[in-house]
Amino acid sequence: MIKVDHLAKRYADVYAVNDISFEVHQGEILGLLGPNGAGKTTTMRILTGYMPATSGSATVAGYDVFRDSIDVRRQIGYLPENVPLYPEMRVSEYLSFRAKLKKVPYRERKKKIGESIEKCRIVEVKDQIIGTLSKGYRQRVGLADTLVHDPKILILDEPTIGLDPNQIRQVRQLIKELGEKHTILLSTHILPEVEMICGRVIIINKGKIVAMDTPLNLAHQLRSGNNILLEVRGDGEKIKNTLSTIRGVKKVVWQGNGGVNNYTVEAEGGMDIREDIFSNIVKNSGVIREMKQAPVTLEEIFHQITTQEQEVTI
Amino acid sequence: MTSVCTIFQREINNYFLSPIAYVVIAVFTVFSGYFFSVMLGITQETTLRYSLAYTQFILSILTPVITMRLLAEENKTGTIEPLMTAPITDFEVVFGKFLSAWALYNIMVVPTAFYIIFLAWVGSPDYGAIIASYVGIILMGGLFVSIGLLVSAITKNQIVAAVIGIVALLILLVIGLASSGNEGWFYSSLRYIGTYDHWDTFTKGIIDTRDVIYYVSFTALLIFIVVRIVESRRWR
C-alpha cells in the first residue's frame with residue numbers, strides 16, 4: 001500500500017531523513033519507532049504530501065506522492081502530531097467541515113460522520129466545543145477526522161503522546177480495532193506500544209533505518225545477551241566461583257547482602273544453562289530462592305541499536 | 001470550487017462566532033457615522049464624498065484586523081497541517097479565506113446605507129456618485145484584504161500581522177495623498193501606486209477602467225503571491 005524508495009529530506013545541511021526504503025503491506029500495522037528527532041514526522045509529512053522529499057520516491061496506494069498529491073491525500077487519513085484542531089468549533093461541526101473538505105458526497109456525509117463518531121467513542125461530546133475537551137477526547141476527535149472519508153490508509157503521528165495511562169489504553173485499543181479494516185502506519189517513541197499493536201517495526205535513528213522486523217523477531221535476533229537472574233542463600237564467594245566455571249558463562253555479577261546473594265549470569269546466546277546452574281549451586285550447598293531468565297524487551301533492543309549506531313558514527 | 005465554498009463557510013462562521021466581526025462592525029459604524037455627521041455639518045452638501053475620504057482611513061485600520069488571523073492562526077496552532085493534507089489545493093485555501101474576509105468587509109460597510117437614506121430624506125443626493133463610491137469601496141476592499149492576507153501568511157503572530165498590515169495600508173494611502181499636487185514622473189508614479197487617487201475618482205462618481213484594472217490586477221497579484229508563500233513550506 002505504501003512504498004518508500006530511497007527517500008531523503010534535507011534541511012540546510014542536515015539530513016532529517018537519509019535514504020530510507022520500506023514497504024507497508026495491505027492490512028498491516030507498521031510501527032515507526034525512533035528517538036525524538038529521528039525523522040519519523042518528516043517521513044510522514046512527505047507521505048501525506050505536506051512537504052516534498054529532497055530525493056527518492058514514494059507511492060501510496062499506487063499514486064506518486066509528488067505528482068498525484070491530491071489523489072494520495074484522498075487515500076490517506078492523517079493524524080498529525082499533537083492533533084491540531086480548531087478550538088472554537090463544535091465536534092460535529094468540525095467533522096462535517098472535514099468531511100466536506102475531503103469530498104465525502106453529501107448523501108453519505110451524515111452517515112460517515114456518525115460512524116466515525118461512534119467508532120472513536122465521542123458520541124457524548126459531539127455537541128461540545130473542541131476547546132473545552134480533554135486531551136484524550138481531542139485525540140479521538142482527531143482520529144474520527146482521519147476516518148471520516150473512510151480512507152484505505154491511516155498515518156498516525158504519535159497517537160498516544162500526552163495522554164494519561166487510561167486514555168493511552170483506550171486509544172491503543174481503538175487503533176488495534178481500526179487495524180482490522182485499514183492499513184496503518186504509526187510512529188511512536190514508546191516501546192511497549194509497538195510491542196502491543198504493531199505487526200512489524202521499523203526502528204529509525206538519525207534519519208536512517210537501523211532495524212526492520214516483527215517485534216518478536218527483533219527480540220530473538222538480539223538475544224545474545226542471555227541473562228539469568230538468581231537469588232541464592234549460601235556462601236556467596238564460593239557460588240560465584242563455581243558459576244563462572246559453567247560452560248557458556250561469559251560473566252557473573254555478584255551482589256551479596258547477609259546470607260542472600262543476587263547474581264546476574266550472562267550466558268552466550270542460544271545456550272540454555274539453567275540446569276547446569278541448578279546442579280552446580282546444589283553441589284555447593286546453596287539454596288536457590290529464585291531463578292529467572294531476564295526478558296529482552298524492545299527497550300533494550302532499541303537502546304542497543306541506537307547506541308551502537310552512535311558509536312559507529314563517532 | 002466546492003472546497004473554496006467549504007473554506008469560505010468555515011471562516012465566515014468563525015468570524016461571527018468570535019467577537020471580531022461584531023467589534024469591527026461596531027467600530028466602523030461609530031467612526032464612519034462620526035465623520036459623516038461632522039463633514040455634513042461643515043459642508044452642508046448632500047454627498048458622501050467628503051466623509052468617504054476619512055472612511056478610507058478607518059478601513060485601512062480595520063481591514064488588517066479582519067484578516068490578521070486568517071493564516072497566522074493556522075500557522076501558529078498547526079492546523080495548517082491537517083488543512084494542507086486534505087485533498088485541497090493551496091489556491092483553494094487562500095481564495096476561500098480571501099473571499100470570507102472580503103465578505104465581512106462588505107458586511108461591515110452595509111450600515112452606511114443609512115446615511116444615504118438620511119441624505120435622501122434631507123435633500124437630493126447624486127445617486128450616480130454614490131453607486132460609483134460603493135463600487136470603489138468594494139474594489140478597494142479586495143485590495144486591502146489581499147494585503148492583510150499576505151501579511152497574515154508570513155507571520156505566526158496575529159498582532160504582528162495586524163500591525164504590519166495597518167502600517168502597509170497607511171503607507172499605501174499616504175504615498176498617494178502626500179504626492180498629490182506635485183508634478184513629475186516620481187510623484188505621478190507614487191500617485192498611481194497609492195490607493196488615494198484611484199479611490200478619489202470613484203467618489204467623484206466616475207468608474208474609470210484604469211482604476212478598476214488597478215484594483216483588480218493588484219489584488220490578483222497579491223493573491224498569487226500569498227499562494228506562493230503558502231506553497232513555500234514545500235521548498236523551505
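1. Let's start with B:Val212, which sits in helix α12 (residues 209-231) of chain B; helices here are DSSP runs of H or I with at least four residues, strands are E runs of at least two, and both are numbered from the N terminus. Keep in mind that this is a predicted model, where local features need pLDDT of at least 70, side-chain atom pairs count only at pLDDT 80 or more, and totals for chains, interfaces and linings use all residues. Residues are numbered from 1 along each chain as its sequence is written, while chains are lettered from A and ligands numbered from 1 in the order in which they are written.

2. Setting aside neighbours within four places in sequence, B:Val212 contacts B:Leu139 and B:Ile207; a contact means C-beta atoms, placed from the backbone, within 7 Å. Its C-alpha atom is 8.4 Å from that of B:His198, 14 residues apart along the chain.

3. Staying in chain B, have a look at helices α8 (residues 127-154) and α11 (residues 196-203): their axes come within 7 Å and cross at roughly 150°. Axes are lines fitted to C-alpha atoms, for helices over the stretch in contact, with angles from 0 to 180 degrees between N-to-C directions. So α8(B) is roughly antiparallel to α11(B) (over 145 degrees; under 35 is roughly parallel, 65 to 115 roughly perpendicular, the rest oblique). On the α8(B) side the contact uses B:Ala132, B:Ser133, B:Val135, B:Gly136 and B:Met140, and α11(B) brings B:Trp199, B:Phe202 and B:Thr203.

4. A:Ala61 is not a glycine, yet its phi is positive, near 50°. You'll find A:Ala61 in the loop between β4 (55-60) and β5 (63-64) of chain A. With 18 other C-beta atoms within 10 Å, A:Ala61 is partly exposed.

5. A:Asn82 also isn't a glycine, and its phi is positive at about 70°. Its place is the loop between β6 (76-79) and α3 (91-101) of chain A. A:Asn82 is partly exposed, having 17 other C-beta atoms within 10 Å.

6. Finally, where do the chains meet? The contact takes 18 residues from chain B and 20 from chain A. On the chain B side, α1 (2-17) and α5 (80-84) are the elements giving two or more residues.

Key
Two residues are in contact if their C-beta atoms, placed from the backbone, lie within 7 Å. A residue is buried if 20 or more other C-beta atoms lie within 10 Å of its own, exposed if 12 or fewer, and partly exposed in between; C-beta atoms are placed from the backbone.
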